[in-house]
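Have the structure open as you read along.

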2 protein chains.
Amino acid sequence: MKYTLLIFLFLVFNFSILAQNIKSPDGNLSLSFKLNDKGEAIYNLSYKGKSVVEDSKMGFEIKGQPTLKNDFKIVDTKTSTTNNTWNPVWGEVKTIRNHYKELAVTLEQKAVGKPKTEEQKNKELFVSADSYHHVGDITRRLIIRFRVFNDGLGFRYEFPQQEQLKYFQLTDEHTEFNLTGNHKTFWIPGDYDTNEYAYNTTKLSEVNAYKGKNVGEISTRVLFADNAVQTPLMMKTDEGLYINIHEASSINYPVMHMMVDRKSFGLTTHLTPNAVGTKAFLQTPAKTPWRTVIVSDKATEILDSKMILNLNEPSKVKDPSWIRPQKMVGVWWELHVGKSTWNYADVNNVKIDKTDFSKLKPNGKHGANNENVKRYIDFAAKHGIDGILVEGWNVGWEDWFGNWKENVFDFLTPYPDFDVEMLNKYAASKGVKLIMHHETSASAANYERRLDEAFSFMNKYGYDTVKTGYVGRIIPRGEYHDGQTMVNHFNHVAERAIDYKIMIDSHESTRPTGLHRTYPNWLTSEAARGNEFNAWSSGNPPEHETILPFTRLMGGPMDYTPGIFEIRMKVYDENRKTEQVHTTLAKQLALYVTMYSPLQMAADLPENYEKRMDAFQFIKDVAVDWDDTKILEAEPGDYLTMARKAKNKDEWFIGAITDENSRTATAKLDFLPKGKKYVATLYMDTDDADWEKNPMVYKIQKFIVDNKTNLNLKLANGGGAAVSILPASSEDFRRFKTYK
Amino acid sequence: MKYTLLIFLFLVFNFSILAQNIKSPDGNLSLSFKLNDKGEAIYNLSYKGKSVVEDSKMGFEIKGQPTLKNDFKIVDTKTSTTNNTWNPVWGEVKTIRNHYKELAVTLEQKAVGKPKTEEQKNKELFVSADSYHHVGDITRRLIIRFRVFNDGLGFRYEFPQQEQLKYFQLTDEHTEFNLTGNHKTFWIPGDYDTNEYAYNTTKLSEVNAYKGKNVGEISTRVLFADNAVQTPLMMKTDEGLYINIHEASSINYPVMHMMVDRKSFGLTTHLTPNAVGTKAFLQTPAKTPWRTVIVSDKATEILDSKMILNLNEPSKVKDPSWIRPQKMVGVWWELHVGKSTWNYADVNNVKIDKTDFSKLKPNGKHGANNENVKRYIDFAAKHGIDGILVEGWNVGWEDWFGNWKENVFDFLTPYPDFDVEMLNKYAASKGVKLIMHHETSASAANYERRLDEAFSFMNKYGYDTVKTGYVGRIIPRGEYHDGQTMVNHFNHVAERAIDYKIMIDSHESTRPTGLHRTYPNWLTSEAARGNEFNAWSSGNPPEHETILPFTRLMGGPMDYTPGIFEIRMKVYDENRKTEQVHTTLAKQLALYVTMYSPLQMAADLPENYEKRMDAFQFIKDVAVDWDDTKILEAEPGDYLTMARKAKNKDEWFIGAITDENSRTATAKLDFLPKGKKYVATLYMDTDDADWEKNPMVYKIQKFIVDNKTNLNLKLANGGGAAVSILPASSEDFRRFKTYK
């Protein structure tokens with residue numbers, strides 16, 4: 001008995017043999033960590049007793065040092081529980097619960113660094129070494145911190161301050177996610193420079209980055225392996241379990257892609273390289289972003305998850321009173337449909353520091369001219385839209401695209417027909433604001449060189465919001481959009497903008513990872529295939545918007561630029577025979593609810609709204625900041641129905657969308673307060689609506705509803721429905737029937 | 001007869017057959033240009049009827065396009081003469097004559113671009129092309145502009161604006177300089193990242209970059225070929241002809257190195273590559289820097305040459321009244337000799353945005369502390385020195401070196417013991433100024449990100465001069481100090497500084513090419529092996545300072561930091577047994593004349609000057625801006641004697657230096673105005689002085705001199721002499737004898 005006890009105690013206290021285990025607060029998720037007999041670090045995850053991620057390895061390669069993937073010992077473990085709530089500055093909900101169990105494992109490894117080879121030494125006579133090469137004994141510590149929430153697992157690596165690891169280059173992060181089967185997967189290919197692909201839905205075994213949708217179509221692209229995919233990665237098992245893999249808090253680290261083992265269904269991290277062929281330059285203490293695995297047997301709970309936000313650092317903005325969710329219109333869609341141009345003149349070779357733009361012959365189609373901008377200002381002011389984005393206001397658009405040009409824009413000099421002072425004053429007189437546009441053409445070096453001037457210019461003229469863009473190949477040349485340098489750039493711009501009280505909408509930036517909690521002035525980003533692709537390419541299939549919330553939007557809001565009413569492009573250009581938005585008009589309205597963004601665009605031309613002011617009313621009414629969100633029904637790739645409560649208002653909005661299959665969405669209004677009546681305005685597809693054949697027909701109905709009402713919303717193929725629910729007035733009672 | 005005439009006329013007007021020729025105004029230099037039977041562009045240069053550069057080819061390789069090196073036709077030639085004078089804001093002389101004959105040849109080439117291969121097309125499906133690939137007929141024009149001055153030849157290439165050449169990447173510039181023999185050559189190895197080598201003096205056939213001086217010693221180095229050398233390149237033929245090859249006006253182009261054909265004695269340009277392996281990103285209209293060949297049978301005339309300045313663009317500073325040549329002392333040498341430290345604490349891992357420096361344990365040896373800085377301020381004010389450089393004033397020095405660290409300095413945050421406001425006010429109260437220090441640690445991306453803030457900070461506290469540094473591997477990573485990106489960076493900093501009325505002294509920048517004419521606020525630079533190497537390395541051999549004016553200083557002034565009186569380092573650190581300045585004390589004084597810089601440092605510690613105020617008097621008296629310069633005698637690698645007239649003053653200063661051989665320098669004072677008497681103060685080596693055995697002995701003598709005086713100055717080995725010539729007062733007549 002004594003010996004059994006001794007053995008038991010020995011086992012209990014011998015970290016190396018037993019697995020460490022923590023469970024989510026509700027007990028459903030179970031995370032185990034252990035070392036195997038090679039001293040490799042292994043974790044696994046199960047949900048309701050069934051394996052989600054089988055034993056998976058964790059480790060790194062560091063330039064000039066022995067591998068950091070084996071021969072580990074556990075020298076410390078700490079567990080803790082955290083349970084609190086916090087209120088985001090803006091969001092899908094007012095209050096977020098942060099409840100997790102944490103396990104922090106400190107690993108130590110003793111290794112021996114091999115001496116430099118003679119060849120290496122000789123080479124270094126002529127070319128100094130570019131990294132520290134450790135020779136002899138080296139002891140390194142690595143902390144792996146696991147947090148298990150009810151909605152999923154997050155873990156990250158931390159390199160604590162330590163004598164033998166200070167400045168180092170990662171050449172590889174080797175984190176495995178060994179999945180349990182050939183799951184249905186919603187994926188876009190791993191690409192160092194773009195995330196603007198439409199999703200492929202295949203089994204893991206069928207992933208092929210070189211054969212997916214839109215390969216070769218996106219102008220700046222770097223596919224690197226046939227079995228590479230990006231995150232957020234959405235999967236559904238044959239058993240009906242939903243799994244989402246992504247990152248949280250991507251700071252000072254390259255973007256993580258995934259390599260798929262199409263036979264064993266294992267995923268392995270693949271970090272975006274830098275200009276010198278390694279992955280990350282780090283200095284201890286350093287931490288990686290969180291790797292996140294969100295799990296549920298309900299698709300709606302995937303969308304409910306706030307885990308990624310919970311894993312991010314709190315807001316850095318002490319006084320966020322200047323940060324405001326908003327709606328915008330803009331001199332923008334007309335550029336995409338070819339009605340007008342960004343450029344002022346039709347020349348193809350300008351130098352912003354030498355060309356006298358006032359001497360160029362205007363092409364007569366320049367969109368950002370005083371008269372046109374005033375028209376948008378008037379429209380916005382009339383309809384309660386906060387901001388007017390103007391693209392093409394500044395010199396340099398004549399040759400901005402595709403030339404890998406460094407000194408491409410100065411962000412200061414307007415074209416001759418754009419009076420920056422007059423227009424901003426005009427907007428202010430009407431109670432609205434222009435929204436600045438900083439297309440950088442991916443010349444981030446140029447943008448950073450000019451950033452203080454550009455932001456000061458904004459302050460001077462009264463702009464407080466800027467849409468940035470990074471179309472093209474990155475400068476500093478050799479870097480990628482997804483590399484550590486650009487991750488730092490995007491974060492730096494957001495952080496610097498705080499000093500100027502400026503809000504950001506970034507396009508062609510890295511897909512978000514919840515950093516809008518830390519930088520709440522970073523309202524939204526594109527970082528995926530948006531509505532604009534419909535104007536000039538094969539566009540977005542009807543299922544696209546039913547996938548994005550399960551993928552791209554898991555990390556943060558998206559500036560999808562919905563609200564296109566004039567569905568077909570041939571009205572603008574008869575050569576655009578097939579280009580169209582791949583949804584019905586009603587679905588475009590629904591997107592204001594289903595595509596979360598605190599900055600939402602009413603993207604179409606004012607005249608297209610003026611023709612359909614009844615439908616436009618939804619856009620005017622819908623909120624952009626929320627107290628609560630209910631995901632009523634959802635299936636990735638198929639359909640989505642959700643309801644949201646406007647912040648500080650007794651108003652609810654529902655959006656229901658479907659893919660290429662028509663369906664009836666059901667929305668139980670039991671979230672409404674009891675005993676209160678509301679008028680629901682339903683913006684719907686008609687029975688004969690069809691995204692391809694008859695996309696622009698719609699009907700609007702109003703009913704009295706209450707918390708006992710169940711709405712049945714018939715959606716056309718590629719269709720949707722949008723519902724506003726406002727308190728019913730006595731007038732409403734008289735006019736409208738009760739919904740049945 | 002008629003036929004002969006016709007043939008003659010045909011030949012005359014057929015550009016393709018006859019060579020174009022222009023001569024220097026005095027007829028000595030002759031430049032010829034022609035096309036050979038392959039349509040290759042060929043130039044040659046002769047001097048007084050003898051060949052200096054034999055037939056040499058000219059051309060380019062452009063990515064994605066056919067070669068641009070042959071099949072040229074001449075479509076236009078223009079010749080012209082220019083003869084004017086201009087006055088630099090500051091300089092070695094007050095007025096510079098710009099007199100040259102110019103030949104501008106317009107070449108046209110018709111070629112056919114090959115189609116992309118199947119392999120290329122397939123690859124581009126996955127990875128978008130990074131340059132424009134021209135298929136089919138392509139017509140390109142290239143202008144070569146030659147200017148022949150009395151002192152040499154300059155030529156550059158111009159890519160005019162043209163339909164089929166807009167944005168392009170150069171992969172090679174192929175400019176030959178086919179020399180006529182195995183010349184004696186003063187060279188340092190081609191290195192993309194450093195120019196801090198001591199010179200090797202060998203025949204061309206013996207050039208070996210991998211076996212020269214200091215190989216493997218300089219911390220950031222990239223030697224790339226055994227037959228590569230840098231410019232300025234100085235040569236002397238067996239016939240006694242002096243030839244100097246360099247560049248002028250290096251703007252938006254990588255630094256030019258040279259590949260030496262050790263058998264044929266031909267040189268070919270080798271441009272520094274960028275992070276993506278090409279050489280330059282250009283947009284038409286574009287021009288290369290001038291390639292310069294300065295020629296004379298007199299070594300003194302090489303040093304007299306103003307051709308490189310004449311080839312630069314005029315000053316961009318409309319009102320240069322804020323630009324002032326100056327002298328400085330500094331908290332600097334004490335750091336190099338180990339008496340104090342740049343860093344405040346002895347930790348080796350800090351983060352400027354996270355570390356609380358006030359909580360670190362000070363090492364007690366921090367040089368840039370209030371008390372010490374005040375001491376330097378007092379010293380400067382007492383002795384009429386304008387500025388006090390302070391290195392190590394700002395946080396981040398604890399781990400700045402060798403870690404390839406990006407966020408290394410913020411240029412704003414002082415250490416706890418440096419009161420920026422108090423010290424600047426203190427300096428102002430004494431009529432002197434602190435000089436700012438921006439060591440960037442080669443993290444140019446970080447510097448540009450912070451530049452406006454850093455310059456505003458300078459304005460706020462009253463600094464108007466900054467010494468910049470670029471020690472380490474460049475960030476953006478993958479770039480080199482000598483690449484196009486960094487050339488643009490250095491130029492950008494100088495140009496941006498104009499907006500803030502800030503003067504620049506750049507260290508570890510690219511060797512200058514006369515741009516201080518265009519940016520007269522860019523007072524000086526290091527960009528070569530300076531005096532500091534003597535403090536902590538094998539140092540600079542005695543001949544070093546007799547070579548630098550023929551090499552490094554051909555392109556611009558050098559902050560050599562002369563004036564070290566305490567010659568041997570072991571007084572500071574007994575471990576530094578052999579480190580010493582490799583000159584006598586008197587030679588250190590002479591350097592203030594022979595090492596031209598409008599910003600000159602009295603580099604030693606105040607206490608070392610206070611011990612020898614008689615010698616220090618020369619440093620106090622010597623001017624830093626000049627009306628006139630006379631090179632009295634010179635031989636590269638051996639000796640140098642020159643006299644300069646202080647700007648707007650009736651004062652002259654003479655400097656005479658020698659290598660490891662003692663000699664007598666002769667200085668005829670026939671440049672003095674007739675009929676006027678002056679008192680000459682001679683600071684000289686004693687008879688037993690010796691740079692190695694007895695370097696610190698010196699004698700000072702005063703004499704009455706006039707324009708008939710010939711001074712004979714005995715120089716010890718590694719020695720020198722400095723002479724100030726000021727108007728004689730009646731008191732001087734009484735006290736001093738006439739020189740014989």
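Over all chains, the count of salt bridges comes to 102, a salt bridge being a side-chain nitrogen of Lys or Arg within 4 Å of a carboxyl oxygen of Asp or Glu. This is a predicted model, in which local features need pLDDT of at least 70, side-chain atom pairs count only at pLDDT 80 or more, and totals for chains, interfaces and linings use all residues. Residues are numbered from 1 along each chain as its sequence is written, chains are lettered from A and ligands numbered from 1 in the order in which they are written, and side-chain values use heavy atoms, with hydrogens and water left out.

Four of these pairs are handy to look up:

| Salt bridge | N to O distance |
|---|---|
| A:Glu158 and A:Arg156 | 2.9 Å |
| B:Lys611 and B:Glu566 | 3.9 Å |
| B:Asp690 and B:Lys693 | 3.9 Å |
| A:Arg449 and B:Glu448 | 2.3 Å |

B:Lys611 and B:Glu566 are 45 residues apart and link distant parts of the chain. B:Lys611 lies in the loop between α13 (606–610) and α14 (613–621) of chain B, and B:Glu566 in the loop between α11 (544–547) and α12 (585–594) of chain B; these helices are DSSP runs (H or I, at least four residues; strands are E, at least two), numbered from the N terminus.

How do the partners sit: buried or exposed? Buried means under 20% relative accessible area, exposed over 50%, and partly exposed in between (1.4 Å probe, protein chains only). B:Lys611 is exposed because its relative accessibility is 57%, whereas B:Glu566 is buried at 9%. Likewise, B:Asp690 is buried at 12% and B:Lys693 is exposed at 67%. A:Glu158, at 12%, is buried, and so is A:Arg156, at 11%.

Now for the interface. Chain A and chain B bury about 4200 Å² between them, 48% of it on carbon and sulfur atoms; buried area is the accessible area (1.4 Å probe) that two parts lose on being put together, summed over both. A:Phe126, A:Tyr167 and A:Arg449 supply 17% of the area that chain A buries against chain B, more than any other three residues. The interface holds four salt bridges.

Chain A can be laid on chain B by a turn of 180° and a shift of 0.0 Å along the axis, with an RMSD of 0.0 Å, superposed by least squares on the C-alpha atoms of residues with pLDDT of at least 70 in both. That is the relation of a two-fold axis.
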